[in-house]
Amino acid sequence: MDLKEQNWQNFTANHLRDWHGIWTRYSPSGEVKESFQSLRSFQSNPEQTTIHHTNRYIYAEDNVKEESWDYNQQENSLPDGIFHPQADSMRTICFESGHTAWVTRQLKPDSYFGVELFFRYEELRHSVGIVYDKQGVLFRTANIREDARGFPSQYWSKEIEQVSERNLSGNWQGTYVTMTPDLKISEPVATHLNWVWEGHNTFFLPDGVSISCPDQVSVGTPCTLAANWLVTPSKLQQLKVKYDESGAFAALTLEQLHL
């Protein structure tokens, strides 16, 4: 199986579900900008070669918005990831575990820039969005907490306000794997938790979700955008996206850690 086919199968095996959730967007200083119920649905043909993707945004009983897209393996599965019709500048790349990133391929001046990092655990999923404006200044962050078993979730709380701190101390140990832009995945490497980057803003969201990112990005300066999820008091997942000095997407790293 070639790498682009493996990437497609990693996605279909883990994400073809109805994901019921709460979508919350935050300002650069961490205040709630908006929060609403959501449904992201991914359906396919029996061969899992075509996908119908629908997003439903439920603001209130009489205010529901919906958008949908269709894509297929032959046209949209590329050597550098899955091309989603919503944004030709971005690619979806997916580990076998279902941990996924929707990444901008190239940071460009005078253009919005962002990533979305997806975490998976059993029938739970959540994603963290990090978006920068045309000047490269942090524009907003977002978190979408989802459950394939329905809404409301027995796992996710109804809290939406960020918290001032989270204790991530302790001897967190585990392994990491890295995916490069050509979809090659490294062998697992032993690691420990590192959650400190100079010049980063750190945001602590409800339900064990944390974000670390610079307040500004620009071509000429490498950067890392990171998020983690404290799934249980002794289980932590972390995703990091790296961009090189030219502003090109360089690597996606998944760390799975435990105490």
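Strand β12 gives the most to the lining of the second largest pocket, with three residues. This is a predicted model, so please keep that in mind throughout. The second largest pocket has a volume of about 230 Å³. Its lining is made of 13 residues, and F95, V177, I185, P188 and L254 are the ones nearest its centre. Which elements give two or more residues to that lining? They are α1, residues 3-15, then β12, residues 173-179, and β18, residues 249-258. By class, the lining of this second pocket divides into six nonpolar residues, six polar and one charged.

Now the largest pocket. About 880 Å³ of space lies in it. The residues lining the largest pocket number 42, and those nearest its centre are Q86, M90, W102, V115 and E116. How do the residues of this lining divide by class? There are 20 nonpolar, 14 polar and eight charged residues. As for how such spaces are found, rolling a probe the size of a water molecule over the atoms shows where empty space is left.

Back to α1, which I named as one of the elements lining the second largest pocket.

F42 sits in strand β2, residues 32-44. Is F42 buried or exposed? F42 has a relative accessible area of 8%, and because the cut-off for buried is under 20%, F42 counts as buried. Setting aside neighbours within four places in sequence, F42 is in contact with F11, H15, L16, R17, D18, W19, I51, H52, H53, Y71 and R125. For a sense of distance, take F42 and K158: 116 residues separate them in sequence, and 24 Å separate their C-alpha atoms in space.

Next, H200, found in strand β14, residues 200-205. H200 has a relative accessibility of 18%, so by the same cut-off of 20% H200 is also buried. What does the side chain of H200 reach at 3.4 Å? The backbone nitrogen of C213. C213 is also among the contacts of H200, which, leaving aside neighbours within four places in sequence, are S212, C213, P214 and T224.

Last, some backbone details in the loops. Q48 lies in the loop between β2 and β3, the latter being residues 50-60. Q48 is not a glycine, yet its phi is positive, at about 55°. With a relative accessibility of 33%, Q48 counts as partly exposed. D207 is another non-glycine residue with a positive phi, here about 60°. Where is D207? In the loop between β14 and β15, with β15 covering residues 209-214.

The remaining item is a peptide bond. From F151 to P152 the bond is cis, with omega near 0°. P152 belongs to the loop between β11, residues 138-147, and β12. That returns us to β12, the strand that gives the most to the lining of the second largest pocket.

Notes: Residues numbered from 1 in each chain as written. Predicted model: local features only at pLDDT ≥ 70, side-chain atom pairs only at ≥ 80, totals over all residues. Heavy atoms only, no water. 1 Å grid on protein atoms, 1.4 Å probe; cavity = no way out; pocket = protein on both sides within 12 Å on 5 of 7 lines; lining within 4 Å. Points joined across faces, edges and corners; volume = space filled by probe spheres on them. Nonpolar A, V, L, I, M, F, W, Y, C, P; charged D, E, K, R; others polar. Helix = DSSP H or I, 4+ residues; strand = E, 2+ residues; numbered from the N terminus. Buried < 20%, exposed > 50% of the residue type's maximum accessible area, 1.4 Å probe, protein only. Polar contact = N/O pair within 3.5 Å; in protein donor to acceptor, adjacent residues only side chain to side chain. Contact = heavy atoms within 4.5 Å.
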